Amino acid sequence: MAEPFYASKTEYVDRALLGFARDHADVVELSTDPVYVRSIDRDPRRQVGLLSGGGSGHEPMHVGLVGRGMLDAAAPGRVFASPHNRQVYEGSRAAAGPAGVLHIVKNYTGDRINFGIAAERLRHDGIPVARVLVDDDVATESQQTATGRRGTGATVLVEKLLGAAADRGAGLDELVALGETIVGRSRSIAVASLAQTSPVTGEPGFELEPGQLEYGVGIHGERAQHTIARPSLEELVARMVDDVVSHLPGGRSVLLFVNGLGGTTYIELYNVFAETVDALATRDIAVERSLVGPYTPALDMKGFSITMTMLEPSVETHPSGGWDGLFDAPAWTAGLRK
């Protein structure tokens, strides 16, 4: 495997964050002690600040989604590792609005612990704080998985929709209720044909035989519970769509997110997207809005994930407005602009 291109003068994640902040100085600023990224511009109607975070290696999630219309701050950890609670605490203080701060947390043990400690400190300071926990990965929905479903691609959709709702002046309780509803109607599944390259050893995170596929892989390089013979793309997408839809509540339209895991080209991703739209059509499900691209990669893993958020008429009359309107609302971040 090829050795990564990392600078030798400092820790490579810190160096990358410095480069990111310099490149997007019109959108974000970087704190280095502790490390977090903060938006330099927010809608004046926003009363609640939004903060997320997690391990590095998933860029643009989360630092690339900081900016007007989405997150107010993000706390990045080391590669595939939770940020320290001090990062979350100080980033939250910087991000908080007049009505407090909302944490958008992926369902991993380290993230839950560190965001929880930070939240306790914020409450001690008198800052209102609440959490939306994202747990969308159907591959880990089983009694054998103690922590339950992992938080994966749906996090991007949650951050986009809640960012738009926050810009409309939604309060903390309203954002929590909306976020929990979105999460409850969102599910994902991921596959990979090649593992990510370890940034330390330059070797693949796991080995696969030719013609094999990891079905249900995690975004931290976790192997799937099932290694399968690689089917045609049509057969693979049909299976993935069935798995996701079977874990969703009923409905006739979805927000669809086809995500690249880092080593997959846009030609491949748009093939996946076209097949997914067709597979949904055979189930009488329409794609209301869509997002395609490597927004939640796992370093350079060769694979993709499919995320769906199921809509229904009652959801579209939510006080924060229809979810399609929230999805279409303006956003100006390094990684997503509308």
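What is the volume of the largest cavity? About 50 Å³. Keep in mind that this is a predicted model.

Let's start with the search itself. Rolling a probe the size of a water molecule over the atoms shows where empty space is left. Here, the whole structure was searched, and two cavities of 30 Å³ or more turned up. I'll take them in turn.

First, the largest cavity. Find Gly54, Gly55 and Ser56 on your screen; they are among its lining residues. Now move along to Glu59, Met61, His62 and Val63, which also line the largest cavity. Ala74, Ala75 and Pro76 complete the list. Which elements give two or more residues to this lining? They are β3, residues 49–56, and β5, residues 73–79. What about residue classes? The lining of the largest cavity has five nonpolar residues, four polar ones and one charged one.

On to the second largest cavity. It holds about 30 Å³ of space. Its lining includes Val156, Leu157 and Lys160. Leu291, Phe327, Leu336 and Lys338 line it too. Which helix gives the most to this lining? That is α4, residues 154–167, with three residues. By class, the lining of the second largest cavity splits into five nonpolar and two charged residues, with no polar ones.

Now, where does the second largest cavity lie? Look at the domains. Domain 1 covers 12–184, and domain 2 covers 186–336. Both give residues to the lining of the second largest cavity, so this cavity lies between them.

Definitions and conventions:
Residues are numbered from 1 along each chain as its sequence is written. This is a predicted model: local features need pLDDT of at least 70, side-chain atom pairs count only at pLDDT 80 or more; totals for chains, interfaces and linings use all residues. Side-chain values use heavy atoms; hydrogens and water are left out. On a 1 Å grid over the protein atoms alone, a cavity is a set of points where a 1.4 Å probe fits but cannot get out, and a pocket is an open set with protein on both sides within 12 Å along at least five of seven lines; lining residues have an atom within 4 Å of a point. Grid points are joined across faces, edges and corners, and a volume is the space filled by probe spheres set on the points. Helices (H or I, at least four residues) and strands (E, at least two) are DSSP runs, numbered from the N terminus. Ala, Val, Leu, Ile, Met, Phe, Trp, Tyr, Cys and Pro count as nonpolar, Asp, Glu, Lys and Arg as charged, and the others, Gly among them, as polar. Domain bounds come from an automatic or database domain assignment.
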